[in-house]
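Subject: Structure handover and notes on its contacts

Dear colleague,

Please find below the structure I promised to pass on, followed by my notes on what turned up in it. I would be glad if you could read them with the coordinates open.

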Amino acid sequence: MHRRSALGGAITALATAAAGVLVAAAVSTAPAVAAPAGTGTGYLHTNGNKIVDSTGATVRITGINWFGMETDNKTFHGLWSTNPWRGQIDKMASLGYNTLRVPYSNDALKPGATASGINDFVNPDLVGLSPLQILDKVINYAGGKGMRVILDRHRPTSAGQSALWYTPTVSEATWINDWKMLAQRYAGNTTVIGADLHNEPHAEGTNPAATGACWGCGDPARDWRLAAERAGNAVLSVQPNWLIFVEGVSCPSGGLSNVWDNDPSNDEDCGWWGGNLTKAKDFPVRLDVPNRLVYSPHEYATSVFEQNWFKSPDFPTNLPGIWDKYWGYLYKQNIAPIMMGEFGSTLADPRDKVWLEKLMAYTGTGVDGMSFTYWSWNPNSGDTGGIALDDWTNINTTKQAILQPYLIAPVGGGGGPTGTPTATPTSSPPPPTGGCTGAYRQVNAWQGGFQGELTVTNTGTATVNPWQVTWAWPAGVSLASGWNATVTQSGTTVTAAAPTWAGALAPGASVTVGFTANGPSAEPGAVKLNGVAC
């Protein structure tokens, strides 16, 4: 279970002691071409309070966290379910989430790190892979759907969060060197757009003996603003095209207030872990590459902690002023973009539904609104729950209905500009001029199922757009999952329809449809491309 604690004021700050958490996303080492809309073209950068693509078009990140790589499993949670990993990404994209935020710990990056909690029957293609290799596959597949990925250093170790960006066992040098390794690993891959440097820096110790993360205090060992500059510039020295996401702190002093010492100088206004950016205007993060900085606060509801403002008589009209104070002013004054890296709730308290509706309205509608990645996809986030229900397949429709109007689906994600599912074409795809060839490869097999790849080549003289491949299986073989196409089964006939982001199949070009199936291993028969036999 993930927990994040809040520091809502002097008394509540001292009374609170909980840990925070994050979510996940990933990309492949092979360069991926980003979709021309939804998440934009090429690498992203900033312009005032906007995130823009390589053409200057405004991009709004409307993403989701998928966590697990920061835990003892060292890879995405839910891989133990009956929903294959590709199926989960398909669902996220179809709902309108255009970006994955992927939390990790430095433990998952170590040589010899082992991923656990994987259902071998459902995800046989992940068997034996390292955490980074699984991340590669997730990034590659998400990128093929037009999604983007933000990597989040969530924890130094899988044991838990830390107030500072380093611990006695994980040095600042390790933190920075691992970031440089990731920047190099995904250099040239435009699916991976940036680094969320450290998750939820926060206060520790009681003032005036503060030991936690401060903002602008000038102490190199505790000043998160200075550390973010050191790490951010190190990343940009390797990958100057990445965005650098910088979270806030909880208390600018880095220490918890002491309301019993009758010294007002020790008392200050504190907020959520990672959510307090009140000092960022006076002490901005300075990066060597311009137009790369995005501030990324966290914001939660009563299911995480009962902040004072939730009990105020003027709730909920007080909320916009609170958000303005902690981080919204940076956007409203055109200082920098805002990307809320985490926000969520179980919605068990009726106030939380009001909070979420007000928060989404505060971010604004359309492409010009503030960016965000919701916490979380995972249903096993203890204090928020998830968009996915416990089966990792069905959806919490109450939460989704509140978020839906603000989602901008990735091109190819199955959604329109506001995440509305695209209708399935009813007309038959045009036949090719000429013919096709088909080649099948069985990738893996196990008791009760198998995995295969069918490669179809257009040997005709005209482009097939959109393409559609069909084949027949004997009775007793049923489709479990498919990728690189929308794969469905009716009776013994399987249909693989072209995804919207790769609908055309030029003369001489090939497409490889991957799948897992239940039943005895069987080679596809009667393979056809748009009705023409191969």
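Which side chain meets that of Arg 185 in a salt bridge? The partner is Asp 136, with 2.6 Å from N to O, where a salt bridge is a side-chain nitrogen of Lys or Arg within 4 Å of a carboxyl oxygen of Asp or Glu. Arg 185 lies in helix H4 (residues 172-185) and Asp 136 in helix H3 (residues 131-144), so the pair ties together parts that are 49 residues apart in sequence; helices (H or I, at least four residues) and strands (E, at least two) are DSSP runs, numbered from the N terminus. Arg 185 counts as partly exposed at 25% relative accessibility, whereas Asp 136 is buried with a relative accessible area of 11%, given that buried means under 20% relative accessible area, exposed over 50%, and partly exposed in between (1.4 Å probe, protein chains only).

Before going further, please keep in mind that this is a predicted model, in which local features need pLDDT of at least 70 and side-chain atom pairs count only at pLDDT 80 or more, while totals for chains, interfaces and linings use all residues. Residues are numbered from 1 along each chain as its sequence is written, and side-chain values use heavy atoms, with hydrogens and water left out.

The salt bridges

By the rule above, the count comes to 19 salt bridges. One of them joins Arg 101 to Asp 152, with the closest N and O atoms 3.2 Å apart. Since Arg 101 lies in strand S5 (residues 99-105) and Asp 152 in strand S6 (residues 148-155), this pair ties together parts that are 51 residues apart in sequence, and both residues are buried. Arg 101 also forms a salt bridge with Glu 247, again with the closest N and O atoms 3.2 Å apart. Glu 247 lies in the loop between strand S8 (243-246) and strand S9 (293-295), so its pairing with Arg 101 in S5 ties together parts that are 146 residues apart in sequence; Glu 247 is buried, as is Arg 101.

Through shared partners, salt bridges join Arg 101, Asp 152, Asp 196, Glu 247 and Glu 342 into one network. Within this group, Asp 196 is found in strand S7 (residues 192-196) and is buried, with a relative accessible area of 0%. The side chain of Asp 196 makes a polar contact with the side chain of Arg 101 at 2.9 Å (a pair of N or O atoms within 3.5 Å; within protein, one must be able to donate a hydrogen and the other to accept it, and residues adjacent in sequence count only if both atoms are side-chain atoms). Not counting residues up to four places away in sequence, the residues that Asp 196 touches include Ile 150, Trp 179, Phe 245 and Ser 296, contact meaning heavy atoms within 4.5 Å.

The aromatic rings

A search of the whole structure finds 26 aromatic pairs, where rings of Phe, Tyr and Trp (its six-membered ring) pair if their centres lie within 6.5 Å, with planes under 30 degrees apart counted as stacked, over 60 as edge-to-face and the rest as tilted. Among them, Phe 343 and Phe 372 form an edge-to-face pair, at 5.6 Å centre to centre and with 85° between the planes. Phe 343 lies in strand S12 (residues 342-344) and Phe 372 in strand S13 (residues 371-374), so the pair ties together parts that are 29 residues apart in sequence, and both Phe 343 and Phe 372 are buried. Elsewhere, ring pairs link Trp 272, Tyr 300, Trp 309, Phe 310, Phe 315 and Tyr 326 into a cluster.

Helix H2

In helix H2 (residues 85-95), the buried residues are Trp 85, Arg 86, Gln 88, Ile 89, Met 92, Ala 93 and Leu 95. These buried residues pack against strand S4 (62-65), S5, H3, helix H8 (397-403) and strand S17 (478-483). After H2 comes Gly 96, whose phi is positive, near 115°.

With kind regards
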